[in-house]
Amino acid sequence: MTGEEVTYATEPTGDEGKIPEYEGESLYERLGGVYGIAGAVDVLVDRLYENDAANENPAVQEFHENYGKAGFKYLVTAWAIEYSGGPDVYPGRSMEKAHEDLEVTERGFDVVRTEIKNTLYYVGVPHQEMKEFMDIIDMFRDQVVADKHRNESWEAP
């Protein structure tokens with residue numbers, strides 16, 4: 001990844017159909033809007049960059065070494081805002097495109113998923129909102145885990 005340019009979407013990613021429809025207060029609003037989500041992402045990304053299990057994947061480790069946290073925090077924050085029912089602000093690529101060169105395994109997905117859930121606990125997200133957000137994360141497993149690493153019989157511990 002050294003010297004490669006990171007590109008961003010200039011058109012819809014194709015993932016928009018996964019954005020939940022809300023009646024009443026959206027998950028985005030219940031998570032505290034921009035400030036609540038940005039605060040959680042700030043903690044999450046710091047944890048991911050330091051997580052030895054997440055960095056076992058050489059492609060992920062290389063990404064973490066070559067690209068700073070600030071841009072990644074921005075993208076994750078924008079993604080979480082949009083996919084929790086907030087404004088359309090995510091400028092990144094689809095989850096499939098964003099992860100296609102990372103060779104993510106089922107275990108790698110679960111390491112990040114666990115870190116997301118632990119961060120939500122850490123910042124005090126209520127149970128219902130945590131469940132809804134984790135359901136959104138789980139919808140993207142098939143797009144994030146590389147085809148050659150997909151294991152239909154995989155069960156998260």
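1. A helix here is a DSSP run of H or I of at least four residues, a strand is a run of E of at least two, and both are numbered from the N terminus. With that in hand, welcome to the fold: the protein chain has eight helices and zero strands, and along the sequence the pattern reads α-α-α-α-α-α-α-α.

2. A word on what you are looking at. This is a predicted model, in which local features need pLDDT of at least 70 and side-chain atom pairs count only at pLDDT 80 or more, while totals for chains, interfaces and linings use all residues. Residues are numbered from 1 along each chain as its sequence is written, and side-chain values use heavy atoms, with hydrogens and water left out.

3. Now the chain as a whole. Of its 157 residues, 39% count as buried (buried is under 20% relative accessible area, exposed is over 50% and partly exposed is in between, with a 1.4 Å probe and protein chains only). The protein chain exposes about 9,200 Å², and carbon and sulfur atoms supply 51% of that area (Shrake-Rupley method, 1.4 Å probe; for residues, only the protein chains shown count as cover). Taking contacts (heavy atoms within 4.5 Å) between residues at least 6 apart in sequence, 74% join residues at least 24 apart.

4. Next, the interior. A nonpolar core is a set of buried Ala, Val, Leu, Ile, Met, Phe, Trp, Tyr and Cys residues joined through side-chain atoms within 4.5 Å. The largest one holds 33 residues, and the members that touch the most others are Ile37, Trp79, Ile116, Leu120, Phe133, Ile137 and Phe140. Two or more residues come from each of α1, α2 (33–50), α3 (58–66), α4, α6 (106–122) and α7. In soluble globular proteins, nonpolar side chains tend to be buried together.

5. Leaving out residues up to four places away in sequence, Trp79 touches Tyr90, Met95, Phe133, Ile136, Ile137 and Phe140. Its relative accessibility is 8%, so Trp79 counts as buried.

6. Aromatic rings come next. Rings of Phe, Tyr and Trp (its six-membered ring) pair if their centres lie within 6.5 Å; planes under 30 degrees apart count as stacked, over 60 as edge-to-face and the rest as tilted. By this rule there are seven aromatic pairs. Trp79 and Tyr83 are stacked, because their ring centres are 4.9 Å apart and their planes meet at 20°. These two residues are four apart in helix α4 (residues 69–83), so about one helical turn separates them.

7. Elsewhere, ring pairs link Tyr49, Phe63, Tyr67 and Phe72 into a cluster.

8. On to charges. A salt bridge is a side-chain nitrogen of Lys or Arg within 4 Å of a carboxyl oxygen of Asp or Glu, and the count comes to 12. Asp42 and Lys73 form one of them, at 2.5 Å from N to O. Asp42 in helix α2 and Lys73 in helix α4 are 31 residues apart, so the pair links distant parts of the chain. Asp42 is partly exposed at 35% relative accessibility, whereas Lys73 is buried at 17%.

9. Arg107 meets Glu56 with the closest N and O atoms 2.9 Å apart; Arg107 is in helix α6 and Glu56 in the loop between α2 and α3, 51 residues apart. Arg107 is partly exposed at 41%, and Glu56 is exposed at 53%. Arg141 meets Asp110 at 2.4 Å, N to O, and since Arg141 lies in helix α8 and Asp110 in helix α6, the pair ties together parts 31 residues apart in sequence. Are Arg141 and Asp110 buried or exposed? Arg141 is buried at 18% relative accessibility, and Asp110 is buried at 7%. Salt bridges that share partners also join Asp42, Asp46, Lys69 and Lys73 into one network.

10. One last stop is Ser26, in the segment before α1 (27–30). Ser26 is buried, with a relative accessible area of 7%. Leaving aside neighbours within four places in sequence, Ser26 is in contact with Ser84 and Gly85.
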